[in-house]
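This briefing goes through one protein chain by topic. Please keep the sequence and the structure open while reading.

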Amino acid sequence: MFLLYRRHRSRKRQSHSHEDTRVEVPLIPGVDLQGPKFSQMPDKKLEEFVKGFQLSTEDCKDVMQHIEKEMDSCHTDNDVYLRPLLQNEVTVNAAFLVVDLGSGDLKIRLVKFKANKKSGVWSEHYHIPELTRRSTSIQLFDLIADCVKKFVKDHDMLGKDFRVAFVFSFPCENRPDLSQAYLTKWTKEFQCSGFDNKDLRELLQNALPKDKMSCVLDVKIVVNDAVGALVSAAYDDPSCKLSLVVGNGFYSCYINEQGGKGTYTEFVKAEMGALSVSETLAGFITEYDKELDQFSLDPGGQILEKMVSIMYLGEILRLVLVKLSNEGLLFIGNFDTSKLKERGSIDADDVSLIESDKTEHHYFTSFVLGKLKLQDCSDEDLRIVRYVCGIVSERGAFLAAAGLAALINRMNTPDMTIAADGPSLNIYHPRFYGLMQAKTEELVKPGTKFKIVCSQNGSAIGAALAAEARQRQPPVPSATVARAGRKARPWKIN
């Protein structure tokens, strides 16, 4: 049985090591899905500043229809093919090194199998400085190589050979057998140069140290975490056909039952966060979303992602609090709000902490505000902060539900399992999962049944399994290298 690792996480955390494992269903039940209830709700005047976050079921249906139309036009990444692995096909006592790049923290994991079963995942997190995230491909991969070298040394892996899977969670075009990948664009506050027409697998392979390590690290595949989560979950449960990532990004992967080639299964990747902004979606974009977008590295891009993913929820909350403070509705008196006005001073961990408050004592909310040098806040201020945090989280969960429901309806499978990745929202945030599931149940076609499992560490386990699958499979029929810039073909689900 795998264990759930829980702790308050900091985005600038030091590297750590522990045995990470999969969280079995059910996920954490939604804790009071309607949000905190107080004897007195905040002043009605603030409703004018936050009403744009309040989405009805009909609003969610409108967003869902917009997503479905976008699915018909384009915005898939591309299709990849794998021969499914059976439980008894994984090499006994096999171990894989997984390099995971998808946020400001680089994650390196050692995935082990014993007697054809997962025996554990050991991981280290290494912070990637902002300067490196905006540098060059050489500087970025040199840093990755240094972290791999440290991981290999710290885990007594010198002199041993490992197959390596590269989890690269940015939009890219993959070769159908996952042996090559080409970046199409940066998201999530990365903006490195020097990636034009460069194979990501080759970049990592060439950067990995060799002579001083006395071991061979053979990079086999490049996948994103949605593919990894789905492969991992489908390995345990063949009824799992869909994965959804609500982490630093917002995207998915599904199995197209009609799209396989012989014994190969077709996995279709989809960047839902990159869907274009129609008149429908534009109606739900608030002034806070516009300001966040304006100061991002990719203004006008990934709009839906910026309204849903964990990377931006804290900043949206901060912008609302600053507005309320400037309007004299919050932190009235001798408060120093200079820290609050710093971009990025509230992050997803803070949102999860505030949402974890269950009483009128507001302990966690006081702690978060204390980090912002906002001490001795009034009870009313604390209630307002919790209220705003709740509706920002609720909107994100409802928009994620609209995307998930659109996928479920199009796949038209009466009963399926869905792998959800993104621990900051699915695990640490006490309400996001419950809100998303409840709203999805309202939006899917009548009679549709689904079960969501949390794919904690699924991206690493699935990437290891995919590396094993590629090791065993012959070339995919009619496989051609997909180059960056190719126009994505329409979604096709029969």
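pLDDT is the predictor's confidence in each residue, from 0 to 100. It applies here because this is a predicted model, and contact means heavy atoms within 4.5 Å. For residues 36-40, pLDDT stays under 50, and the model has 10 contacts beyond four places in sequence for them.

**Confidence**

- The protein chain has a mean pLDDT of 80, with 79% of its residues at 70 or more.
- Confidence is lowest in strand β1 (residues 18-20), where the mean is 36.
- The highest confidence in the chain is in helix α12 (residues 363-371), at 95.

**Helix α4**

- Helix α4 covers residues 137-154, and its 18 residues should span 26 Å at 1.5 Å a residue; the end C-alpha atoms are 26 Å apart, which agrees.
- The buried residues in α4 are Ser137, Leu140, Phe141, Ile144, Ala145, Cys147, Val148, Phe151 and Val152.
- Down the axis of α4, these buried residues fall within an arc of 165°, so they line one face of the helix.
- Ile138, Asp146 and Lys153 are exposed, on the face of α4 turned away from its buried side.

**Helix α8**

- In helix α8 (residues 287-294), Tyr288, Asp289, Leu292 and Asp293 are the buried residues.
- They fall within an arc of 135° when α8 is seen down its axis, so they line one face of the helix.
- Lys290 and Gln294 are exposed on the other side of α8.
- The cover over the buried residues of α8 includes α1 (47-50), α9 (303-308), α10 (310-326) and α13.

- Arg109 is part of strand β4 (residues 105-114).
- Buried means under 20% relative accessible area, and Arg109, at 8% relative accessibility, therefore counts as buried.
- A polar contact of 3.2 Å joins the side chain of Arg109 to the side chain of Asp100.
- Leaving out residues up to four places away in sequence, Arg109 touches a set of residues including Phe96, Leu97, Val98, Asp100, Trp122, His125, Asn457 and Ala460.
- Phe151, one of the buried residues of α4, is also among the residues that Arg109 touches.
- Tyr235 belongs to helix α6 (residues 225-236) and counts as buried at 9% relative accessibility.
- Along the chain, Tyr235 and Gly462 are 227 residues apart, while their C-alpha atoms are separated by 8.3 Å.

**Positive phi in loops**

- Most residues other than glycine have a negative phi.
- Asn197 is not a glycine, yet has a positive phi of about 55°.
- The loop that holds Asn197 runs between β8 (181-183) and α5 (200-207).
- Is Asn197 buried or exposed? With 51% relative accessibility, Asn197 counts as exposed, as the cut-off for exposed is over 50%.
- Lys373, also not a glycine, has a positive phi of about 65°.
- Lys373 is in the loop between α12 and α13 (379-411).
- The relative accessible area of Lys373 is 56%, and Lys373 is exposed.

Note on methods
Residues are numbered from 1 along each chain as its sequence is written. Side-chain values use heavy atoms; hydrogens and water are left out. Helices (H or I, at least four residues) and strands (E, at least two) are DSSP runs, numbered from the N terminus. The expected span of a helix is 1.5 Å times one less than its number of residues. Buried means under 20% relative accessible area, exposed over 50%, partly exposed in between (1.4 Å probe, protein chains only). The arc is that of the directions from the helix axis to the C-beta atoms. A polar contact is a pair of N or O atoms within 3.5 Å; within protein, one must be able to donate a hydrogen and the other to accept it, and residues adjacent in sequence count only if both atoms are side-chain atoms.
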